[in-house]
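Here is a short note to read beside the model. Keep the structure open and find each residue as it comes up.

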Amino acid sequence: LVKAPDALGRVSGDRFGALLVGGDDVTTLAARADAIRRAIAAPIAVGDREASLTASVGWAAFDPAAHRGRDDPLKDAEIALAFAKRGGGDHAEAFRASMRTSGADRFSLASDLRRALDRREMRVVFQPIVRLEDRAIAGFEALLRWEHPRLGRLAPSEFVPLAEETGLIVELGLFAMDQAARELRAWQHAVDVRPPLFVSVNVSSRQMLRHDLIADVKDVVARSGVARGTLKLELTESLVMENPEFAAQVLARVRELGAGLALDDFGTGHSSLAYLQRFPFDTVKIDRSLVKPDARGARPVILRSIVAMCRDLKMAVVAEGAESASDAVELAQLGCEFAQGFAFGQPLSAADARKLVGAKPAAA
């Protein structure tokens, strides 16, 4: 469908752009865009089974009056693509000028996000995770921050949903994993403790659904040389339960490669305890909603049961949202092995995390 002198290229993630030359008739362009969508939707034979894909298509006709910059047609097509996705996907959407004003800030942010890694605007910060028995630093959770040149520091909640929508979360996730592993290597070389320090990194649904996740983990673990099981991938309960059978297979392979696995935000979803036993998690992170005491100072009754269950399953327990010394004491009494939260400090820069554990700067 895309032949010379047309051009086809990968923009990022699962996004592709086609430059269709020699036709400015809107009806023809609409037909070609829909033909591409239908071609992608055609079933694909995979062994003795069939796989089906859907595609959202956004398109824009070149307008010499409006498109003064080289990237302007692509930007308009991407705006139309976003509207196609909002409409439920699996259809082609033509660009209209009114689209540009309805979400200009968001689309501008998406454009900036595509360049953020190349411009070295992304940072990985590290929130301490403390062993409650002796209050020693046991590890860190790696978190992304975006140092936007105009908007300042942006938290994940301000750009991760956009990264998920655009497919850029895959590259951001790999960046965070690689940077976290580099720092972990430096900590472990500098500080000889048993068990060794660990770092956990969040995995998104887009990363989980790509078979490349296994290759990415294999490459990062091999290149960094960190101790087995100390680079932990964090997956949410809802993500695992989207496709339990597929998740079990991928997670088993990731565990074989030497990565650890943590189930994040446990207690907020509706997973079956039988499924929990099937997954090769070594750590369960209890959501802060089950850790925070109520107005009378009492913690949810189910917290004690969850901790006991996890210990019976030989899983380490991390309580999120510890905000005071009394929280730490009570969580330790309940049997929680680790905790993280403001009681043990805000997320730190890589340099400050190195100072905290007594490590030298990570090698490039």
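1. Start with a cysteine. C336 is buried, with a relative accessible area of 4%. Buried means under 20% relative accessible area, exposed means over 50%, and partly exposed lies in between (1.4 Å probe, protein chains only). C310 also counts as buried, at 0% relative accessibility.

2. Before going on, some ground rules. This is a predicted model, in which local features need pLDDT of at least 70 and side-chain atom pairs count only at pLDDT 80 or more, while totals for chains, interfaces and linings use all residues. Residues are numbered from 1 along each chain as its sequence is written, and side-chain values use heavy atoms, with hydrogens and water left out.

3. How many disulfides does the rule give? The count comes to 0. A disulfide here is a pair of cysteine sulfur atoms within 2.5 Å. The closest cysteine sulfur to that of C310 is in C336, 8.8 Å away, which is too far for a bond. C336 is in no disulfide either, and its nearest cysteine sulfur is that of C310.

4. Now look at strand β8, residues 136–148. Helices (H or I, at least four residues) and strands (E, at least two) are DSSP runs, numbered from the N terminus. Of the 13 residues of β8, 10 are buried, so the strand is largely enclosed by the rest of the structure.

5. Which way do β7 and β8 run? They run antiparallel, joined by 10 bridges. Two strands pair if DSSP finds at least two bridges between them. One place to check is V124, whose bridge partner in β8 is L144.

6. Strand β9 (residues 152–154) runs antiparallel to β8, with 3 bridges. W146 stands opposite L154 in β9. A hairpin through 3 residues joins β8 to β9.

7. Go back to β7, residues 122–131, and find R131. Is R131 buried or exposed? It is buried, with a relative accessible area of 15%. Leaving out residues up to four places away in sequence, R131 touches A136, A138, P195, E337 and F338. Contact means heavy atoms within 4.5 Å.

8. Next, charges. Side chains of opposite charge can pair when their charged atoms come close. A salt bridge is a side-chain nitrogen of Lys or Arg within 4 Å of a carboxyl oxygen of Asp or Glu. A search of the whole structure finds 20 of them.

9. R38 and D34 meet in a salt bridge, N to O at 3.1 Å. Both lie in helix α1 (residues 26–41). They are 4 residues apart, about one turn of the helix. R38 is partly exposed, at 48% relative accessibility. D34 is partly exposed too, at 25%. The pair also belongs to a network of salt bridges that links D34, R37, R38 and D90.

10. R223 and D219 pair as well, with N and O 2.4 Å apart. They sit in helix α8 (residues 212–224). Being 4 residues apart there, they are separated by about one helical turn. R223 counts as partly exposed at 42% relative accessibility. D219 is partly exposed, with a relative accessible area of 42%.

11. R153 forms a salt bridge with E147, and the closest N and O atoms are 2.6 Å apart. R153 is partly exposed, with a relative accessible area of 48%. E147 is partly exposed, with 25%.

12. Last, the surface. Which residues form a nonpolar patch there? They are I40, I44, V46 and L53, with about 320 Å² of accessible area together. Patches are made of residues with over 30% relative accessible area and no salt bridge; like charges are joined within 9 Å, nonpolar side chains (Val, Leu, Ile, Met, Phe, Trp, Tyr) within 5 Å. Accessible areas come from the Shrake-Rupley method with a 1.4 Å probe, and for residues only the protein chains shown count as cover. I44 belongs to strand β3, residues 44–46. It is partly exposed, with a relative accessible area of 40%.
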